[in-house]
Amino acid sequence: MAEGKTASQKSLEDFDPQMKPKSNKFAFACAILASMTSILLGYDIGVMSGAVIYIKRDLKLSDVQIEILVGIINLFSLIGSCLAGRTSDWIGRRYTIVLAGAIFFAGAILMGFSPNFAFLMFARFIAGIGIGYALMIAPVYTAEVSPASSRGFLTSFPEVFINGGILLGYISNFGFSKLSLKVGWRVMLGIGAIPSVILAVGVLAMPESPRWLVMKGRLGDAINVLNKTSDSEQEAQLRLMEIKAAAGIPENCNDDVVSVNRNNEREGTTVWKELFLYPTPAVRHIVIAALGIHFFQQASGIDAVVLYSPTIFRKAGLESDTEQLLATVAVGLAKTVFILVATFLLDRVGRRPLLLSSVGGMVISLLTLAVSLTVVDHSNVRHMWAVGLSIASVLSYVATFSIGAGPITWVYSSEIFPLRLRAQGASAGVVVNRVTSGIISMTFLSLSDKISIGGAFFLFGGIAACGWIFFYTMLPETQGKTLEEMEGSFGKFWRKSNTKGTNNDNGEIQFAN
């Protein structure tokens with residue numbers, strides 16, 4: 001009894017909460033540096049919303065050309081996303097982040113010197129590849145270095161930096177809008193190269209992902225990283241044991257460098273087959289959940305609002321460029337403030353409650369925006385209440401999106417895949433995300449012309465409502481679970497909000513209500 005009591009006391013001391021602030025500072029710094037890659041996408045989204053006003057006037061472009069110019073980068077990013085999984089398994093997560101920054105740097109410089117529409121499209125092709133790499137690697141790296149106790153908080157950082165980049169893009173639009181027509185939009189786009197340079201310097205201070213190190217047999221390096229990013233030495237050892245098991249390395253193998261059989265290093269084709277052709281029930285559920293959350297995040301129209309805010313505000317009744325750009329800056333501020341709030345709620349409230357509350361608010365905001373824009377569109381008199389309600393609904397929509405659907409999509413989809421499938425699974429999620437975003441952003445103006453701008457937001461509201469049903473039925477809670485035990489939470493398609501998965505003696509998953 002005495003020995004048991006001593007062991008129990010020792011266990012409590014080892015996991016003393018007072019240890020967390022010290023150990024989590026390193027994981028916090030790693031997450032900050034990795035997530036800076038997301039600024040690249042955010043800045044491009046934000047700056048294009050205002051830059052297209054002047055690009056259209058300078059290059060004499062049609063609405064269809066503007067749609068293509070704005071949205072095509074999402075499709076170009078698919079190339080980077082498809083390559084990022086294998087690239088990060090080959091050269092490591094850290095150097096994949098460097099590669100993403102370098103590619104986007106080249107694209108931003110080329111956009112700043114674009115003389116015509118064709119050259120600008122080529123520059124956006126280059127930048128899009130860099131964005132695709134960044135979108136995949138930032139949440140994966142952050143999830144792999146984060147302890148379970150703060151993984152939601154830290155893995156939400158990429159979305160925080162996307163929103164920060166959007167805000168910087170909006171501010172850049174307003175700040176450079178007074179320059180000459182030919183210079184202003186080129187400066188707006190070209191200055192986006194600056195974050196890439198900062199990223200390339202900052203990444204030198206980052207360690208490699210411990211999971212990638214284990215996959216390469218570098219156990220000594222992996223435990224050094226885990227000791228710095230875990231809440232205690234015992235947690236670091238537990239995380240190492242789970243990663244070794246996932247990588248097929250014997251538990252009693254503790255050499256600094258070990259040989260990893262090629263059979264345990266799954267080839268890319270084998271991984272894709274396991275994901276889509278011959279998945280287990282748990283993996284099938286994970287794939288559906290990951291791809292579904294990415295689809296509904298974008299299909300609810302967030303990029304239409306963020307990319308075309310000036311157009312929406314013009315339709316709502318704001319006439320001058322200055323009024324439209326100032327209102328757009330307010331959108332960026334709302335997104336940034338509420339994403340910061342979300343980071344502190346993810347590990348306290350849980351993924352499911354926050355996501356369901358967020359999407360419910362999005363549905364109400366979208367339907368309100370649709371009604372107010374329809375009133376403005378069909379009225380010969382300017383109704384100030386409808387104008388004010390339209391602006392308030394846009395702000396409400398981006399706020400409710402940012403507090404849940406925005407960050408949770410990246411957190412959830414990066415943490416639910418097993419180690420052997422994580423890089424390719426995350427890449428598949430990004431592909432769905434970018435394709436959906438590209439379709440929305442490349443058709444919004446045409447859709448608004450066909451069914452009216454109010455009708456477009458009624459459509460987005462209906463899609464968001466379908467998304468709420470999907471999330472309620474398909475997504476189990478993942479809060480507080482290690483990445484290696486995540487797979488056990490999946491395999492059944494109907495979930496209750498506080499369900500937790502446990503294994504019975506027969507290996508079957510049971511759920512306690």
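The cover over the buried residues of helix α9 includes α3 (38–59), α5 (93–112), α6 (117–145) and α8 (157–176). Contact means heavy atoms within 4.5 Å. Helix α9 spans residues 181–190, and its buried residues are Gly184, Trp185, Arg186, Met188, Leu189 and Gly190. Buried means under 20% relative accessible area (1.4 Å probe, protein chains only). Helices are DSSP runs of H or I with at least four residues, numbered from the N terminus.

The model is predicted; local features need pLDDT of at least 70, side-chain atom pairs count only at pLDDT 80 or more, and totals for chains, interfaces and linings use all residues. Residues are numbered from 1 along each chain as its sequence is written, and side-chain values use heavy atoms, with hydrogens and water left out.

Helix α19 (residues 351–377) packs against helix α20 (residues 384–415). The angle is about 150°, and the axes lie 7 Å apart. Helix α19 is therefore roughly antiparallel to α20, a label for angles over 145 degrees. By class, their contact has 21 nonpolar, ten polar and two charged residues.

Threonine 436 belongs to helix α21 (residues 422–451). Its relative accessible area is 7%, so threonine 436 is buried. Not counting residues up to four places away in sequence, threonine 436 touches Phe295, Gln298 and Ala299. Aspartate 303 is 133 residues away along the chain, yet its C-alpha atom and that of threonine 436 are separated by 9.7 Å. A polar atom of the threonine 436 side chain lies 2.7 Å from the backbone oxygen of valine 432.

Notes. Axes fitted to C-alpha atoms, helices over the stretch in contact; angles between N-to-C directions. Helix = DSSP H or I, 4+ residues; strand = E, 2+ residues; numbered from the N terminus. Parallel < 35°, antiparallel > 145°, perpendicular 65-115°, else oblique. Nonpolar A, V, L, I, M, F, W, Y, C, P; charged D, E, K, R; others polar. Buried < 20%, exposed > 50% of the residue type's maximum accessible area, 1.4 Å probe, protein only. Polar contact = N/O pair within 3.5 Å; in protein donor to acceptor, adjacent residues only side chain to side chain.
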